[in-house]
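Work through the exercises below with the sequence and the model open. Try each task before reading its solution.

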Amino acid sequence: QIQTKHGESEDVEDLTSMLPTREGWWRPLFLFQDHWLTPQTVKSTMLVQAQFQPRADDIILATYPKCGTTWLKALAFTIANRSRHTVTAGGDHPVLTKHPHDLVPFLELPHRYLHPIAELEALPSPRLLSTHIPCALLPSGVSALGSRVVYLCREPKDVLVSMWHYVNKVRKDFYIDLDKAFEFFCEGVTFFGPFWDHCLGYWKQSLEEPERVLFLKYDELMANPTKHVKMLANFIGVPFTNEEESAGVVEKVVRLCSFENLKSLPANSTGVSDRIGGLPMENSAYFRSAKVGDWRNCLTEEMARKLDCIIEEKLKGCGLSF
Ligand code: A3P
């Protein structure tokens, strides 16, 4: 049972038992407020909705899983904390010694049954937080108080392929074949899916409130990281000074957080951590190939065409494309 804001208890087991459900991924997914969530995430999302107290100066990094969350965490942490931690390629910068997921906490993970939301309350302002929760399911205070959101999305075929590799890597006792994962993805039945609704929720919000929601794409970040690092710094409210730019600090941030660098660090390439709650994962699982267009190595042209058509149809008229 969880305590809601108003003090009453909600029996979440009962609640999920009444929701439409689909099996096939490593855990069954439930259709909760128009999005497919694991039972654990239904619980933790409800807890976030009931108990998380947003602050006006919060920066929330929002992503659909496998869209570059780990990268965005490293970049935003480095940018936001560069007055305390000088950006260097050596030494004891936290990005060199800690996994990016340990630098920026998720709102909904580990599932709040295990780690009370009070931990987030204890963090000093301004907080750097992250979430996979869809825009419409975030507590209304996030928007009302003006907490800023950075959303990072990615080309859907690469997301699917990245997700497929990831789920098969992190669960030794589970395997889903690509055809099945593709089928689910096309139906919208994926973690926090449908993928297109997740993107569209934040996309529309970014059009309505561009000063509050920054919408980024993985492929564009990859193509021009320097430009995006400056954009991120401006949005977070800590723009690079002329002196910093002349000293090459922007490029140092890009290099520190590059895939090649992060993947090679012991904190990211070795060891196992349980960040979800009851599901220990290899730290290296978040670093695979980081290649734009890697879907070509897995999907057939027919699959690609089918998914492209679905995405085009779902995003029609919204001004968002991949
Ligand atoms: P691939 O599986 O295509 O390699 P998330 O962090 O949201 O779980 O996303 C994981 C994806 O981001 C993986 O994609 C991973 O390799 C890639 N990634 C991790 N760190 C990265 C970085 N520093 N730069 C670019 N991509 C990165």
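Helices (H or I, at least four residues) and strands (E, at least two) are DSSP runs, numbered from the N terminus. The model is predicted: local features need pLDDT of at least 70, side-chain atom pairs count only at pLDDT 80 or more, and totals for chains, interfaces and linings use all residues. Residues are numbered from 1 along each chain as its sequence is written, and side-chain values use heavy atoms, with hydrogens and water left out.

**Exercise 1. The shell**

Solution. 

**Exercise 2. Polar contacts**

List polar contacts of the ligand (pairs of N or O atoms within 3.5 Å).

Solution. 
- Take the ligand's oxygen atoms. One is 2.6 Å from a polar side-chain atom of Ser162. The Arg154 side chain places an N or O atom 2.9 Å from a ligand oxygen.
- Take nitrogen next. A ligand nitrogen lies 3.4 Å from a polar backbone atom of Phe259.

**Exercise 3. A salt bridge**

Which parts does the pair Arg22 and Glu187 tie together?

Solution. 
- Apply the criterion: a side-chain nitrogen of Lys or Arg within 4 Å of a carboxyl oxygen of Asp or Glu. The structure holds 14 such bridges.
- Check the pair. Arg22 and Glu187 meet at 2.8 Å, N to O.
- Locate both ends. Arg22 is in strand E3 (residues 21-22) and Glu187 in helix H8 (residues 178-187), so the bridge joins parts 165 residues apart in sequence.

Methods: A polar contact is a pair of N or O atoms within 3.5 Å; within protein, one must be able to donate a hydrogen and the other to accept it, and residues adjacent in sequence count only if both atoms are side-chain atoms.
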